[in-house]
Amino acid sequence: MASKAIMEQKVQQVEEIKKMITSASSVVLIDYCGISVAQDTELRNEFRKNDVKYAVIKNRLLKLAFNELGYNRFDEALNGPTAVAFGGENLAAPAKIASDKAAAFKKMKIKCGMVDGIFLDEAGCKKLASLPSREGLIAQVLGMLQAPIAAFARVIDAIAKKQEANA
């Protein structure tokens with residue numbers, strides 16, 4: 001009886017993990033082995049501030065969830081301590097925060113991740129982490145849009161000054 005209840009509980013947990021995976025904009029698996037409680041708290045706070053769900057989940061349950069969703073490339077990474085960061089609106093946030101903290105803490109490392117169903121190895125996660133934020137991208141686009149207008153205004157101003165000097 002007890003084993004049946006435990007089995008049902010595990011099935012329920014796998015279903016919840018699958019929902020978290022499918023609803024996330026991105027997923028990053030992290031090896032957190034060796035970080036202190038203070039560092040873990042700092043990491044959790046940074047994730048929370050950036051709308052990233054962070055959880056330590058048993059590898060066996062994660063593997064089941066990924067496999068049931070058709071993602072089997074994660075099997076290799078699901079060894080040893082594993083924490084998972086599920087991205088919200090900003091899909092680069094989990095990778096960026098994990099990458100920054102891994103550099104600061106030295107002992108933590110990114111295992112792998114996923115964006116829109118596409119598997120990312122550690123290098124892919126680091127590339128994702130290097131993307132500018134949404135606000136940064138908007139600022140770059142606005143800058144590109146304003147550059148021709150500003151150049152045009154300078155040309156018109158120069159022509160006007162030249163004509164004033166000639167008059």
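Biologist: Is Phe 74 buried or exposed, and what is its relative accessible area?

Modeller: A residue is called buried under 20% relative accessible area, exposed over 50%, and partly exposed in between, using a 1.4 Å probe and protein chains only. Phe 74 is buried, with a relative accessible area of 1%. Please note that this is a predicted model, in which local features need pLDDT of at least 70 and side-chain atom pairs count only at pLDDT 80 or more, while totals for chains, interfaces and linings use all residues. Residues are numbered from 1 along each chain as its sequence is written, and side-chain values use heavy atoms, with hydrogens and water left out.

Biologist: How many aromatic pairs does a search of the whole structure find?

Modeller: Rings of Phe, Tyr and Trp (its six-membered ring) pair if their centres lie within 6.5 Å; planes under 30 degrees apart are stacked, over 60 edge-to-face, and the rest tilted. The search finds 3 aromatic pairs. One of them joins Phe 47 and Tyr 54, which are stacked at 5.0 Å centre to centre with 25° between the planes. Phe 66 and Phe 74 are also stacked, because their ring centres are 4.0 Å apart and their planes lie at 10°. Phe 66 is buried, at 0% relative accessible area. Ring pairs link Phe 66 and Phe 74 with Phe 119 into a cluster.

Biologist: Which strands pair with strand β4?

Modeller: Strands (E, at least two residues) and helices (H or I, at least four) are DSSP runs, numbered from the N terminus. Two strands pair if DSSP finds at least two bridges between them. Strand β1 (residues 26-31) runs antiparallel to β4, joined by 6 bridges. Strand β5 (residues 118-120) pairs with β4 in the antiparallel sense over 3 bridges. Val 115 of β4 is the bridge partner of Ser 26, and in β5 the partner of Val 115 is Ile 118. β4 and β5 form a hairpin with 2 residues between them, where Asp 116 in the turn has a positive phi of about 50°. In β4 (residues 109-115), 6 of the 7 residues are buried, so the strand is largely enclosed by the rest of the structure.

Biologist: How many disulfides are there?

Modeller: A disulfide is a pair of cysteine sulfur atoms within 2.5 Å. The count comes to 0. For Cys 112, the nearest cysteine sulfur is that of Cys 125, 6.6 Å away, which is too far for a bond. Cys 112 is buried at 1% relative accessibility, and Cys 125 is buried at 0%.
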